[in-house]
Structure formats: C-alpha cells, structure tokens
Amino acid sequence: MQYKTDISYRKKKLTTLLSVLVKYEKDIVDALYNDFKKSEFEAVITETSYVRSDLKNTIKNIYKWAKPKSVLPSIVNFPSSDYILSEPYGKVLIISPWNYPYQLALCPLIAAVAAGNQVVLKPSELTTNTSTIISKIVAEVFDTNHVEVIEGGVEVSEQLLAQRWDYIFFTGSVPVGKIVAKAAAAFMTPVTLELGGKNPCIIDEHCDVKITAKRIVWGKFLNAGQTCIAPDYLLVHTNVKAKIVEALKLEITAAFGENPELSPDFPRIVNEKNFDRLSKFLENETILCGGITNKKDTYIAPTLLDESKLESLVMKDEIFGPILPIISYQTENQIETIISNYEKPLSLYVFSTRKQWAKAIVKKYSFGGGCINDTIVHFSNNRMPFGGVGSSGIGAYHGKLSFDSFSHKKAIVNKSLWLDIPLRYAPYGTKLTFLKKLLNWM
C-alpha cells in the first residue's frame, strides 16, 4: 500500500487538521460534557490542549523524524553507507477508549498519519457525542481512502478485528487487550496495547503530608478516577496514616466542596454498567469518606476505604473510578508482598522526602512509568515513552516514539562497487586462519 505517503502531503493534512480542531474546540468540549459531565477545565488540559500540542509538535518535526538515519557501517561491509528508512506499515487499525475519548483517539491517529499510513479509527461507543464530533472532523479533513472513522459497538470491533491489518493500536482494558492480541496473532500483525492495572501509591512516613494529599486527590479523582494511570490504592506507613487520611478528606472538600455531586468540576461515571460495577466495590468495606451514590446521575462520590483486604472485590482488579482503598504497612517486606500480588502495573507512585529511598523503590519494582512525589504527570512529557510492561501493555508512544511506533524501520546497506574484498567468497582454503585473526582484532 502506498497511498499519498509523501511527507509534504502528510504535513499538509496535519496542518489542515490543526485548523479544524481549533474551529471545533467548543463542540469537542461540549461533547465531553454531554458524555459524562467532564468540566471545561479538565476537557482543555487533558484533551483538547494536549492533542493540539501533540499535533503542533508532530507538524514541526515530521521531516526530521521521517528523514533516513545514517548509522556507522560495519567494517565487514567496507566500503558501504548504512542507513535506516522509516516506512509506513500500511493499513492501520486504531481502537480508542471512552475515558479520554478525544485525546486517546486523536493522538494515535496523528502519529499514524504522520508515519504515512492509511487509518481506520474505531472510537468508543460509550461516548457517542465525542465519537460523532471526531467522525465529523476526520471526514472534513481526510479522504475516506486515507482516514476513516467507523462507529459502533462490540460487534463492529469484532468485525474489524477479523480483518487483516498491517498494524493495530489499542487502548483499553486488559481483558479486551488479550482479545485484540489474539486476533492480531492470527495474521502475525504487530500491535501496541495500552492497557492498565492496579497502580500502587506508596507513602513513606517521611513525607510532606499536605502536598502528598493534594497531589493524590488531584491525580486520583481527575476524570472521576476513570484514568488508567490513576493511583489505584494507597500503601501508607502506619505512623502517618491518620494524618494522611485527614489531609485527604480536607483536600477532597477543598477540591469539590462539601457535596461533590454539586461540584461543576467532578465528572460522572460513563454509564450504568460501570456505575453498577463500582457500586459493588463499596459493599462490605469500611468507608472513611464519601461512599454516596446516585444511579440516576451515575454519580459516585470521591471515596476513601479503610484497610481493604487483598481478597476483597475492590482489590481484585483495576478500580477505574473514584474509590481509593488505603492500606497501612510497617515494613518494606509488606509493601513487596502486596505489590507482588498483582501483575506489573502501568504506573507506580511514591511519596517521600528520603530521596534515595524513593529512588530505590522505583528501581526495585517493574512498572510502565511513574512519579516521585506526584501522580500521573509523567504522561505529559512527550520526550518520555508512555506504555506498560507485561499485562499493563505492549509498546510505548508519545512524541517521536509515536511516529516510530507506526513506522517499520527498514535497514539498508548501500555497498560500493569500487572495492570487492574476496575474503567472503569460496573457495575458502586457508582464509579461515586470516578470518579468525581479523575477528580477534575486531
């Protein structure tokens, strides 16, 4: 497949896309609010501004990223010039999720187009208003043979996955990620899987209690906890647990008021199915704060749970909602026992004023990415890879790495004709002795 993959055409289309995204920004913000009452501030910082920044960065750097990269030739190929070509995979399928339905659809799309691919985008059926505006934007910018949006539910995803693709990019849950990987394996199709997991947040007894609480409340309850990199549970040293709990309560009130249901800044659960799933997590738990639900409004208050057991429902899988279990520990062995109970998480966070201790923690455990003394902000740096490890994902993207993810790296040796060293050709005779000396020298 070679559909208008010259770089000037890609850049022209991406530049047009930028102007169209600016034109429809209010419609996008309105769609996000209508889907699950995401505030304009959250819509801008986590969706529209992020996409616009990513798009501008791609437009600025596309020629540099796509340029053949010269590499040092091997001496055994002397004389030659060696380089790597970035080649589009071809026909790409992108399946995006509902929790950040605009950002997590558009950013992979931008990278796939920049790399020269044809793209089919399947947005989430749970956020229909956002999917509709995305479809409208894409139709206005791209020819349907270049980029197409296909809306629909699970049956549409199944039909798409039954087709042969040159690359699949999926963002979503671990169980669905396994389905995507299995479908891709039937055609030996390479994949990027951006999944999730139970992200631990470790709080040392040596920490700044107020800032720790403020940053955890922001990172956990942003988007009503419907964030794949949100802290999933807290591991708090016994000596500071009481202070942390009280500080968390104060910060929740400071952020969302005495009744968060009335706050214009607190979103809703995306649908009744997810509301019912999350509501069950509150059963048989000790609630320290929150716990109020309203099914009619798919509202669940920011909630803190006390000493949830590992065998409890809330601690079995990723929560993906505004519920935060708090578990105390006394020794580092207890931290290890709890974290090792789960698959490798997408993120890990540690709060401590002991710099070396915190660095040792992030070095000890395997996870996709994380922060020391903050939450989720590592996602914002497009110079760092974003992705999981093990069950939390395959592959990574952001910035240039997004372009690379959608590009096959083709290795080329351009061998000169002016010299042809006979060593490699048969008959070999006594050449082996010379070859061994040469290899030992190298």
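This briefing describes how aromatic rings pair with one another in the structure above. The model is a predicted one, and a search of the whole structure finds 13 aromatic pairs.

- Phe78 and Trp418 form an edge-to-face pair, with 6.4 Å from centre to centre and 85° between the planes.
- This pair links distant parts of the chain, 340 residues apart, since Phe78 belongs to the loop between strand S1 (69–71) and strand S2 (80–88), while Trp418 belongs to the loop between strand S18 (407–415) and helix H14 (431–441).
- Phe78 counts as partly exposed, at 46% relative accessibility, whereas Trp418 is exposed, with a relative accessible area of 62%.

**The pair Phe386 and Tyr397**

- The ring centres of Phe386 and Tyr397 lie 6.3 Å apart and their planes meet at 75°, so this pair is edge-to-face.
- Phe386 is found in the loop between strand S16 (369–372) and strand S17 (393–394), and Tyr397 in the loop between S17 and helix H13 (400–405), so the pair ties together parts that are 11 residues apart in sequence.
- Phe386 counts as buried because its relative accessibility is 6%, and Tyr397 also counts as buried, at 2% relative accessibility.

**A cluster of rings, and a charge over a ring**

- Phe386 and Tyr397 also belong to a cluster in which ring pairs link them with Tyr50, Tyr89, Tyr167, Phe169, Phe379 and Phe406.
- The charged end of Lys198 sits over the ring of Tyr342, at 5.9 Å from the centre of that ring.

Note on methods. Residues numbered from 1 in each chain as written. Predicted model: local features only at pLDDT ≥ 70, side-chain atom pairs only at ≥ 80, totals over all residues. Heavy atoms only, no water. Phe/Tyr/Trp six-rings, centres within 6.5 Å; stacked < 30°, edge-to-face > 60°. Helix = DSSP H or I, 4+ residues; strand = E, 2+ residues; numbered from the N terminus. Buried < 20%, exposed > 50% of the residue type's maximum accessible area, 1.4 Å probe, protein only. Lys NZ or Arg CZ within 6 Å of the ring centre and 35° of its normal.
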